[in-house]
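The sequence and coordinates are shown first.

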Amino acid sequence: MTDTARTARAGVPERPTLDGLEETWARRWQEEGTYAFDRSKATVRGRGEASDSPSPDGRRSDVYAIDTPPPTVSGELHMGHVFSYTHTDLVARFQRMRGRTVFYPMGWDDNGLPTERRVQNVYGVRCDPELPYDPSWVPPAAPVDDAARKDPTPISRRNFIELCERLTVADEQVFEALWRRLGLSVDWSLTYTTIGRVARATSQRAFLRNLARGEAYQAEAPTLWDVGFATAVAQAELEDRERPGAYHRLRFHGSGGREVLIDTTRPELLPACVALVCHPDDERYADLVGAVVRTPVFGAEVPVRAHPLADPAKGTGIAMVCTFGDLTDVTWWRELHLDTRVVIGRDGRLLPEAPAGVPAEPYAALAGQTVNGARRTIVEMLADAGDLVGEPRPITHPVKFYERGDRPLEIVSTRQWYLRNGGRDVGLREELLARGRELRWVPEHMRHRYEHWVGGLTGDWLVSRQRFFGVPVPVWYRLDDAGEPDWTHPLTPEESALPIDPSTDAPPGYDESQRGVPGGFVGDPDVLDTWATSSLTPQIVGGWETDPDLFRRVFPMDLRPQGQEIIRTWLFATVVRSHLEHGVLPWRDAELSGWILDPDRKKMSKSKGNVVTPMALLEEHGSDAVRYWAANGRPGTDLAFDPAQIKVGRRLATKLLNASRFALGLGAADALRASATEPLDRSMLTELSGVVVTATSAFEAYDHTAALQAAEAFFWRFCDDYIELVKERAYGSGPGADSARAALASALSVQLRLFAPALPYATEEVWSWWRYGSVHRAPWPTTYEVGRAISGTGDPELLRLAGDALSQVRRAKSERKLSMKAEVPLAEALGPAALLDQLTVVADDLKAAGRIGKLDLLPGRTPELVIACAF
């Protein structure tokens with residue numbers, strides 16, 4: 001959009017208002033393509049390559065590409081979203097005004113567990129992949145009642161996926177409407193979804209290439225399992241929650257009548273016990289290492305082994321190793337090469353058959369029970385056998401949960417797909433740590449979180465999920481003559497065929513009649529973890545392999561804005577994928593958001609019930625007011641939700657309308673390119689030039705808060721002091737009046753652009769009154785531009801001095817309860833001689849503004865400026 005794109009200016013309204021600006025300008029911006037990415041203005045050669053005009057760091061300076069976070073559309077947007085997405089928009093608007101061709105897309109993260117759970121709750125259904133597709137099935141009216149949720153209707157996988165797609169489309173429309181009202185300057189033609197065709201093809205292509213290079217592999221291994229969601233969970237998705245429990249002391253039996261006491265919080269795993277472990281230096285159990293003991297109740301023989309992870313100070317100092325109670329069990333099992341006795345199934349219940357080496361008769365009492373039920377039963381059995389020592393001791397301890405789940409995780413043995421991420425490869429780990437050091441972190445201390453996570457990885461990235469609404473793992477398996485899958489040689493599609501669904505598509509060389517029969521094939525039933533797709537957002541939106549021209553222009557990108565809590569998931573995973581596929585960082589800078597706190601300084605979260613949704617606030621106060629609140633929070637810094645701050649923002653936006661109307665009413669619009677010749681005018685513009693420097697430097701450092709504060713502080717001084725000081729002169733004629741109007745025009749033009757990133761609606765409205773085009777396509781102000789409006793030089797202290805003097809006159813009137821228009825027959829200015837000499841330069845403007853009849857200057861009487869008024 002250029003200044004000639006709109007052919008008419010709106011003119012100054014008699015009563016300007018913020019009300020209705022969002023509807024007007026959101027529509028105009030869309031119709032006129034104000035924020036459209038114009039690839040013709042971006043260089044054709046690859047980003048980061050040599051160019052005729054490289055930026056100081058060697059990267060191209062014509063494009064600014066943002067890897068915008070795709071919000072999860074299975075819930076509601078809240079003030080935390082408004083906070084962080086406003087920060088991204090501030091950056092985008094600044095870079096656009098700096099002359100960059102801004103690539104600013106929006107995506108919707110709509111696949112995965114959250115969407116499935118929302119569909120289940122809204123429609124009262126569950127997916128049964130064994131059921132056939134029913135094209136005539138009609139979903140129940142939503143939302144359903146609690147009874148329907150507790151007894152959900154089973155539907156086919158395809159019916160379930162269609163329902164997921166239907167719900168996400170509706171959610172995305174609501175989200176887009178809110179983002180548009182907030183004024184995000186995204187190019188809506190670049191919108192994508194993580195379940196869309198492009199995203200599915202991109203995700204599958206990347207996975208197949210990982211597989212071909214040996215970076216993706218399949219393994220049967222202990223897996224963290226969420227019983228409620230019935231799916232595997234990756235290390236990055238874990239969280240510890242404090243839960244009540246109890247220590248039970250169990251008596252194991254060694255040779256010669258030796259008793260070994262074990263403290264455990266999971267007595268129900270006794271039939272899964274495969275060893276006891278003590279510390280190598282623990283003399284209490286040194287004679288037992290290498291021997292065997294028998295488990296209580298079952299009498300199964302298990303070895304006693306030594307391992308440095310055993311804590312002599314915890315419990316009795318010797319631990320029961322079960323397959324599998326926790327991640328430490330997995331470590332002991334793997335490093336000590338222990339047997340496997342699995343007792344908990346994927347449904348969270350104890351398996352119907354006893355594991356090898358465990359007598360069937362006592363185990364039968366536990367078979368099929370839930371974990372809690374089995375725990376009660378085994379405690380009774382231990383007590384009856386005399387092997388429960390004392391009473392259980394209540395405790396509170398951390399328990400592993402899937403971050404979205406509501407039941408403790410179990411560890412079960414499953415076949416899953418993994419992607420190498422440095423968890424088991426020291427060389428790759430070091431390469432990824434080096435990538436983290438290449439990245440510019442805003443704020444810098446967030447880098448330590450990345451390094452802590454990468455340094456603490458204990459295994460590769462588990463990327464397969466046993467769910468339905470996601471990107472299918474794009475492989476099939478041959479079935480041998482007995483109908484058993486050949487897991488070691490997966491069948492893969494051609495990239496040109498992507499995206500594919502192995503549950504409905506046949507592999508090359510086969511047809512659908514061979515599905516599931518000996519000698520035929522079977523599709524992989526799993527989908528990829530949602531992060532396995534979201535980690536490719538730069539490739540999805542950048543046109544990787546589908547639009548090479550676009551990809552060369554925008555990749556690697558400039559900015560990844562995101563929440564600090566997903567450094568370990570989204571940020572790290574994106575670095576992994578880009579490093580493996582392209583050998584570069586996916587972006588140059590990462591800007592991390594702080595938390596939004598409630599008035600009690602507690603983090604807002606849905607689980608705490610203290611979340612504030614934004615639409616009502618946007619409607620009540622206006623988008624600019626809400627954006628002002630958000631802009632007052634710096635990256636990585638927590639900000640309290642404060643309605644009073646939003647009201648301050650509305651007051652600022654309203655004042656911007658009214659002050660602009662007043663300045664334009666003085667004739668400023670016709671004096672835009674004239675020069676300011678009077679000392680006070682030159683002083684004001686010189687100070688404004690310093691504000692431009694401050695705001696520009698702050699934005700370049702991603703400190704939008706400092707930029708806004710500098711502009712705001714100057715604006716109020718401009719309104720309260722400068723306009724009051726010069727308005728009488730501006731109403732007149734002659735060189736002094738011309739100078740005032742020229743200064744007002746330049747100052748208004750510059751300030752509108754300084755405020756434009758934070759207050760897009762008010763600034764666009766005022767700009768339309770007297771300028772052509774959009775303020776958001778206007779160039780960012782420069783000191784050269786401001787200096788060109790000054791005839792000669794300016795002293796910024798003059799405006800401060802005149803403002804101080806005027807405020808003293810106002811105070812004197814206020815103390816006497818007089819109108820600000822009251823005449824002051826005599827005023828005396830006392831202070832250092834040099835200061836009064838400066839005051840003389842602006843004395844005429846001060847007298848006019850203060851309605852002072854006579855101003856006497858009395859030097860040397862006070863150390864500071866004092867204005868004494870006589871009435």
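How many helices and strands are there in the chain? There are 26 helices and 29 strands, where helices (H or I, at least four residues) and strands (E, at least two) are DSSP runs numbered from the N terminus.

The model is predicted: local features need pLDDT of at least 70, side-chain atom pairs count only at pLDDT 80 or more, and totals for chains, interfaces and linings use all residues. Residues are numbered from 1 along each chain as its sequence is written, and side-chain values use heavy atoms, with hydrogens and water left out.

**Overall description**

The C-alpha trace spans about 115 × 65 × 55 Å along its principal axes. Of the 871 residues in the chain, 56% are buried; buried means under 20% relative accessible area, exposed over 50%, and partly exposed in between (1.4 Å probe, protein chains only). The accessible surface of the chain is about 36100 Å², and carbon and sulfur atoms account for 50% of that surface; the areas come from the Shrake-Rupley method with a 1.4 Å probe, and for residues only the protein chains shown count as cover.

Among contacts with a separation of 6 or more, 78% link residues 24 or more positions apart, a contact being heavy atoms within 4.5 Å. The chain carries 102 positive and 121 negative side chains, and the centres of these two sets are 5 Å apart. Lys and Arg count as positive and Asp and Glu as negative, while His and the chain ends are not counted; each charge is placed at NZ of Lys, CZ of Arg, CG of Asp or CD of Glu.

**Strand pairing**

Two strands pair if DSSP finds at least two bridges between them. An open sheet of four strands has the order β8-β7-β16-β18, with antiparallel pairing. Its edge strands, β8 (231-232) and β18 (461-462), each pair on one side only. Within this sheet, Tyr418 stands opposite Leu462 in β18.

Strand β9 also takes part in antiparallel pairing, with β15 and with β10.

| Strand pair | Sense | Bridges |
|---|---|---|
| β16 (residues 410-419) and β18 | antiparallel | two bridges |
| β9 (residues 238-253) and β15 (residues 393-402) | antiparallel | 10 bridges |
| β9 and β10 (residues 259-264) | antiparallel | six bridges |

Leu238 faces Tyr402 in β15, and His248 stands opposite Thr264 in β10. The strands β9 and β10 form a hairpin with five residues between them, and Gly256 in the turn has a positive phi of about 65°.

**Cysteines**

A disulfide is a pair of cysteine sulfur atoms within 2.5 Å. By this rule there are zero disulfides. Cys273 is in no disulfide, and the nearest cysteine sulfur, that of Cys322, lies 5.0 Å away. Cys273 is buried, with a relative accessible area of 0%. Cys719 is likewise buried, with a relative accessible area of 6%.

Val198 belongs to helix α6 (residues 197-212). This residue counts as partly exposed because its relative accessible area is 46%. The C-alpha atoms of Val198 and Pro499 are separated by 7.9 Å, although the two residues are 301 residues apart along the chain.

Not counting residues up to four places away in sequence, Ser534 touches Asp109, Thr194, Trp570 and Thr574.
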